[in-house]
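Work through the exercises below with the sequence and the 3D view side by side. Try each task before you read its solution.

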Amino acid sequence: MDERTLERHRAVHALLGQGHGLLECAWRFGWALNTVKRCARAATAEHLQRPPRYRDTLVDPFRDHLRRRRAEDPGVPSTRLLAELRELGFTGSANLLVRYLNQGRADAARKPPSPRRLVAWLMTKHADLPAQHRDHRHDFLTACAHLTVLAERVEQFAGLLTERRGQDLDAWMATWLRVRRCCGRRVRSSTLARRLPSARSCRYRRRRAHRR
């Protein structure tokens with residue numbers, strides 16, 4: 001994580017915490033509005049890191065073969081794979097193949113979960129998920145800062161319910177509404193956002209908690 005990204009994230013959240021809007025942040029810093037929005041959406045500076053983009057290499061045409069072989073024999077040595085690729089016409093070096101494998105580019109492609117499945121993962125305690133679902137959920141959230149924020153808010157809301165901390169609901173609602181405004185129309189109208197608690201449902205739950 002470079003220092004510039006850390007400073008940007010810290011500066012934007014400092015102004016937002018003082019009650020300033022996104023447009024004023026962009027005007028003060030002289031940044032594009034989309035840059036300010038990205039910083040505002042990210043709960044931490046680490047969430048601003050984007051997945052690496054790899055260039056095309058000589059190994060790409062043989063990716064399906066590598067995935068099939070690694071699925072059949074997860075422990076197959078790279079020297080064996082190199083010999084097989086040589087027979088198929090691979091002209092690259094052994095270092096290129098090893099680097100390709102270490103980057104995970106030959107790992108089996110995962111099918112993206114449906115919105116319903118992803119919501120179920122978010123609504124389930126992390127420790128209660130099967131190991132493969134935990135890993136898939138982690139990879140999916142790491143690739144999307146929006147979903148990372150949603151997951152954090154869901155966990156916080158679950159804590160309010162299970163620990164009966166109704167006195168903290170107003171602060172949670174204020175934070176959640178601010179996040180929804182920062183994320184823009186795309187998140188407000190998404191399937192995930194519609195399935196998560198609204199301000200109206202939160203007020204209803206709070207009244208029920210007080211009655212108890």
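The exercises go from the whole chain to rings, then to charged side chains.

The model is predicted: local features need pLDDT of at least 70, side-chain atom pairs count only at pLDDT 80 or more, and totals for chains, interfaces and linings use all residues. Residues are numbered from 1 along each chain as its sequence is written, and side-chain values use heavy atoms, with hydrogens and water left out.

**Exercise 1. The whole chain**

Task: Describe the secondary structure, the burial and the contacts of the protein chain.

Solution. 
- Step 1. Count the elements. The chain has 12 helices and 0 strands. Helices (H or I, at least four residues) and strands (E, at least two) are DSSP runs, numbered from the N terminus.
- Step 2. Check burial. Of the 212 residues, 33% count as buried. Buried means under 20% relative accessible area, exposed means over 50%, and partly exposed lies in between (1.4 Å probe, protein chains only).
- Step 3. The accessible surface is about 13,900 Å², and 49% of it belongs to carbon and sulfur atoms. Such areas come from the Shrake-Rupley method with a 1.4 Å probe; for residues, only the protein chains shown count as cover.
- Step 4. Turn to contacts (heavy atoms within 4.5 Å). Take those in the chain with a separation of 6 or more: residues 24 or more positions apart account for 55% of them.

**Exercise 2. The aromatic pairs**

Task: Find the aromatic pairs and classify each one.

Solution. 
- Step 1. Know what to look for. A pair of aromatic rings is described by the distance of the centres and the angle of the planes. Rings of Phe, Tyr and Trp (its six-membered ring) pair if their centres lie within 6.5 Å; planes under 30 degrees apart count as stacked, over 60 as edge-to-face and the rest as tilted.
- Step 2. Count. The whole structure holds 2 aromatic pairs.
- Step 3. Take Phe29 and Trp31. Their centres are 4.4 Å apart and their planes make 25°, and the pair is stacked. Phe29 has 28% relative accessibility, so it is partly exposed. Trp31 has 21%, so it is partly exposed.
- Step 4. Take Phe62 and Phe90. The centres are 5.8 Å apart and the planes are at 85°, so this pair is edge-to-face. The two residues are 28 apart and link distant parts of the chain. Phe62 sits in the loop between α3 (33-41) and α4 (63-72), and Phe90 in the loop between α5 (78-88) and α6 (94-102). Both Phe62 and Phe90 are buried.

**Exercise 3. A charge over a ring**

Task: Which residue lies over the face of Trp31?

Solution. 
- Step 1. Apply the rule. A charge sits over a ring if NZ of Lys or CZ of Arg is within 6 Å of the ring centre and within 35 degrees of the ring normal.
- Step 2. Name the residue. Arg8 lies over the face of Trp31, 4.8 Å from the ring centre.

**Exercise 4. Around His65**

Solution. 
- Step 1. Locate it. His65 is in helix α4.
- Step 2. Check its area. The relative accessible area of His65 is 16%, so His65 is buried.
- Step 3. List polar contacts. These are pairs of N or O atoms within 3.5 Å; within protein, one must be able to donate a hydrogen and the other to accept it, and residues adjacent in sequence count only if both atoms are side-chain atoms. The side chain of His65 meets that of Arg68 at 3.1 Å and that of Glu84 at 3.0 Å.
- Step 4. Leave aside neighbours within four places in sequence. His65 then contacts Glu84, Leu85 and Leu88.
- Step 5. Look at Arg68. This residue is also found in helix α4. Its relative accessible area is 45%, so Arg68 is partly exposed.

**Exercise 5. Salt bridges**

Task: How many salt bridges are there, and where do some of them lie?

Solution. 
- Step 1. Use the cut-off. A side-chain nitrogen of Lys or Arg must be within 4 Å of a carboxyl oxygen of Asp or Glu. The count comes to 9.
- Step 2. Take Glu7 and Arg10. Their closest N and O atoms are 2.8 Å apart. Both are in helix α1 (residues 3-17), 3 residues apart, so about one helical turn separates them.
- Step 3. Take Asp60 and Arg63. Their N to O distance is 3.0 Å. Asp60 is buried at 18% relative accessibility, whereas Arg63 is partly exposed at 26%.
- Step 4. Take Glu72 and Arg69. They meet at 3.7 Å, N to O. Glu72 is exposed at 55%, but Arg69 is buried at 16%.
- Step 5. Join them up. Arg69, Glu72, Arg80 and Glu84 are linked in a network of salt bridges.
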